[in-house]
Amino acid sequence: MSETLENLLRETRQFEPPAELAAAANVTAAAYEEATADRLAFWEQQARRLDWAREWEQVLDWSNPPFAKWFVGGQLNVAYNCVDRHVAAGRGDKVAIHWEGEPGDTRTITYADLQRLVAQAANALTDLGVVAGDRVAIYLPMIPEAAVAMLACARIGATHSVVFGGFSVDALSNRIQDASAKVVITADGGYRRGKPSALKPTVDEAVAISPSVEHVLVVRRTGQDVAWGSKDLWWHETVETASPEHEAQPFDAEQPLFILYTSGTTAKPKGILHTTGGYLTQTSYTHHAVFDLKPETDVYWCTADIGWVTGHSYIVYGPLSNGATQVMYEGTPDTPHKGRFWEIVDKYKVTILYTAPTLIRTMMKWGEDIPAGYDLSSLRILGSVGEPINPEAWMWYRKHVGRDRCPIVDTWWQTETGAIMISPLPGVTATKPGSAMTPLPGISADVVDDQANPVPNGGGGYLVLREPWPSMLRTIWGDDQRFIDTYWSRFDSMYFAGDGAKKDTDGHLWLLGRVDDVMLVSGHNISTTEVESALVSHPSVAEAAVVGATDPTTGQAIVAFAIPRGTVETDGEAGEALIQELRNHVAKTLGPIAKPRQIMLVPELPKTRSGKIMRRLLRDVAENRSLGDVTTLQDSAVMDLISGGMKSGK
Ligand code: 6R9
C-alpha cells in the first residue's frame, strides 16, 4: 500500500467550520484533550448521558481480549432510554418521527405515541412467549413499525435481527436459521418505485424451512392479498389490541441487543453481535457530537434503510436516545419524481441530512437543476456514510445541497464498530473534500504497514483500531473463533478493519476502500477508490467503479465502469472518443500506471442495499465469468443492463 498513488494527498481545498456553529457547538476541541488524558473516564462521562437503573462497577473489562465487557455490573433499559425518559421529562408531545410513505401518506408520531406503541408491541411479544435472550427476526419496509418492533425487543431484552426487506428467501432463511429466531415480524408489502412490493411470500417460503419460528406477525401496509398460515397473526389484531401499559425492566449492560449480518462476500454471512450499555453510550454520544444535534430545534433525517447498521444506530438508537425529531421515508429518491428528497427537506425543514455517497453521485447524474428547484435553506449540517466519498462528489454535495454554508461530516465506521469512529466534528474540524479527517474523541485509529508499524504522515497501509471502544462488536454470533480470526489475527492486539487508508502530510485520514479491492498492477498497489475519484473528477462522469482483472502482462489490469452524467452524448464515435478521453484523464491525474486498460460506459452499477458497489460482480464481467452470488444485490436487473448496454473500449 505504501506505493499507492499520491493523488489524494494533493487535495488542498479546506473548509473551516462556520463561526456561528462553532460558537454554539455541542462538542469542542476540549473533548479530544479530555479523552486523551483519560479514555475510560471520558467514556464513563458519556455513559452518564443515559439513564441507568444501576451504576457500573468497572468501565471496561479487557482481561480476556478480544472479548470486551463495558460498564460491568451496570443495568439499563435501552427502550426506556430512547422513549420513556423523554416522556417522563415532559417532552411527550414532541414529535419523534415525521413519517412519509412513498405514495405521500404521512404519520406524525410523538414520543408519547411511541411509548404507547412500543409498550403494546412489548406486551404482544411477551404474550407470544418471547422472553429475554430470544431472537426475533424483523423483515419490514421503512415504516414506523420497524422502529417500534426493534424497540419492543430491546424493551423485553430480546435480540433483534433485522433483515433488509427485499432480500431473497435464501438470505432471509439463512439469517432466521443462524439465529434460531422464534418470531418473525413482517408486512404484507411496502411501496417501492411507485407500486406495492410484496414481502409476505418470501417470509412464507423462508418460514417453511425454518423450524425455530413459532409465530409470524404481519403488519398491513399495502393491503395486497396474502396467503395465511397457522403461524400468522395480524399486527393490528395482536399488537394494537394489547395493553399500552408496560413496565420496562433493567437489563445487564452486556445483554445482547441485536445481531446484524454483514453482506459478506463469502458463503456464510457473519452475524455481528452488539450489546446494550456500551452500544447505546457510543451511538448516543456520536449522534450528539458529530451532528451537533439540538433536540429542541433540529429536524434530523438519515436516509438509510433500517436494515443497514446506519438505520440501527442513526435512525433508531442514536437519535431517539437524544430525543431528536426526525424524518423517516419509506421509498426511493426518484418516486414519483427526482426531486423527492429535496421536497422532503423543504417540507419538514430538515436541518441535518445524513446520506450516502451513492445517493450524492446519483443526484449528480440527475443534475444540479433538481436540488436548485427547492428551498434547502433549513439545512445546517450534511453527513456522508458507507463508502469513501470522492472529492468531486463532496464538492457537489457542499455546493448544490449545502449551498456552500453547511459543514460536511464524512463518517467512517462499520457494522462491527456499531457507531461512528472517524469523522470531523462540525464545530471544530476544518474539513478536506474526501477525508474522514480524525478519530473521534475516545477512539484510537491508526494506519499500519504489513509489519504492524504505524506509517508516517504521507504513508498508506491498513486501518486498525488500537483500543477497545464501547460499541464494538462482542463476537460473531455462534462463532467466537471466526471473530478472532477475522478481526484480531492479522495484527497482534489490534482490530483489523479490512480497509486501506492513508495519512496525509497533516496526519489526516483518507479511506481507500476494502483491502480486498486493492489492485496490483505491474507490481504497484493501486486503490480502486483513487481511480474512481479520478474518473468522477471528469465533468462527463457521474459515477464509476473500478476493478482489477487478471491480465497476462501486468498481473492485474484496471477495468473501469463509468456512468456518464445526464446529458453526455455516448453513442457511436462520441462514446469511443469519451472513453479515450477518460483513459487519458486518469493517466494525467494519477500517472500512466493507473491508466485503465478498458473503460465501459454503463447505465447503472450493481449495488448492495446500503449502496456499496459490488465490485466482485464487476470483476466477473471484466473476466468474462458467469456471475457469483447475487442474493444481496439491490436490483437484480442491473447486471442485465450492464451486459446489454455496455460500450467498451480497449
Ligand atoms: C456504516 C457502514 C463498512 C465499510 C467500511 C468501509 C466502508 C463506510 C465510510 C466507508 C470510506 C466512509 N465505509 N463508511 N469508507 N469512508 N465514510 O457503512 O457499515 O455496511 O458494515 O460497511 O463501509 O469500507 O469497512 P457497513
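**Before you start**

This is a predicted model, in which local features need pLDDT of at least 70 and side-chain atom pairs count only at pLDDT 80 or more, while totals for chains, interfaces and linings use all residues. Residues are numbered from 1 along each chain as its sequence is written, and side-chain values use heavy atoms, with hydrogens and water left out.

**The whole chain**

Display the protein chain as a cartoon, and you will have 20 helices and 31 strands in view; helices (H or I, at least four residues) and strands (E, at least two) are DSSP runs, numbered from the N terminus. The chain has a radius of gyration of 24 Å, close to the 26 Å that the globule rule gives for 650 residues, so it is as compact as a globular protein of that length. That radius is taken over C-alpha atoms, and the globule rule is 2.2 Å times the number of residues to the power 0.38. Along the principal axes, the C-alpha atoms fill a box of roughly 70 × 60 × 50 Å.

Of the 650 residues, 63% count as buried, where buried means under 20% relative accessible area, exposed over 50%, and partly exposed in between (1.4 Å probe, protein chains only). Among contacts (heavy atoms within 4.5 Å) between residues at least 6 apart in sequence, 72% join residues at least 24 apart.

**The ligand site**

Next, look at individual atom pairs between the protein and the ligand. A nitrogen atom of the ligand lies 2.8 Å from a backbone N or O atom of Thr411, and a backbone N or O atom of Gly386 is 3.1 Å from a nitrogen atom of the ligand. On the side-chain part of the site, an N or O atom of Arg514 lies 2.9 Å from an oxygen atom of the ligand. The ligand taken alone exposes 530 Å², and the protein buries 93% of that.

**Thr431 in its loop**

Move to Thr431, in the loop between strand E20 (408–410) and strand E21 (445–448). Thr431 is buried, with a relative accessible area of 5%. Leaving out residues up to four places away in sequence, Thr431 touches Arg13, Gln14, Phe15, Trp394, Ile408, Pro424 and Met437.

**Backbone geometry**

Most residues other than glycine have a negative phi, and most peptide bonds are trans. Select Pro65 and Pro66, which are joined by a cis peptide bond with omega near 5 degrees; Pro66 is in the loop between strand E1 (58–64) and strand E2 (67–72). Then go to Thr335 and Pro336, where the peptide bond is cis with omega about 0 degrees, and where Pro336 sits in the loop between strand E17 (325–329) and helix H12 (340–348).

For positive phi, select Arg193, with a value near 50 degrees, in the loop between strand E9 (189–192) and strand E10 (195–198). Arg193 is partly exposed, at a relative accessible area of 42%. Ser522 has a positive phi near 45 degrees and lies in the loop between strand E26 (519–521) and strand E27 (524–526).

**Helix H17 and Ala542**

Finally, select helix H17 (residues 528–536), where nine of the nine residues are buried, so the helix is largely enclosed by the rest of the structure. Continue to Ala542 in strand E28 (residues 541–551), which counts as buried at 0% relative accessibility. Beyond its neighbours within four places in sequence, Ala542 is in contact with Arg361, Lys365, Val536, Ile563, Pro564 and Arg565.

Conventions: A polar contact is a pair of N or O atoms within 3.5 Å; within protein, one must be able to donate a hydrogen and the other to accept it, and residues adjacent in sequence count only if both atoms are side-chain atoms. Accessible areas come from the Shrake-Rupley method with a 1.4 Å probe; for residues, only the protein chains shown count as cover.
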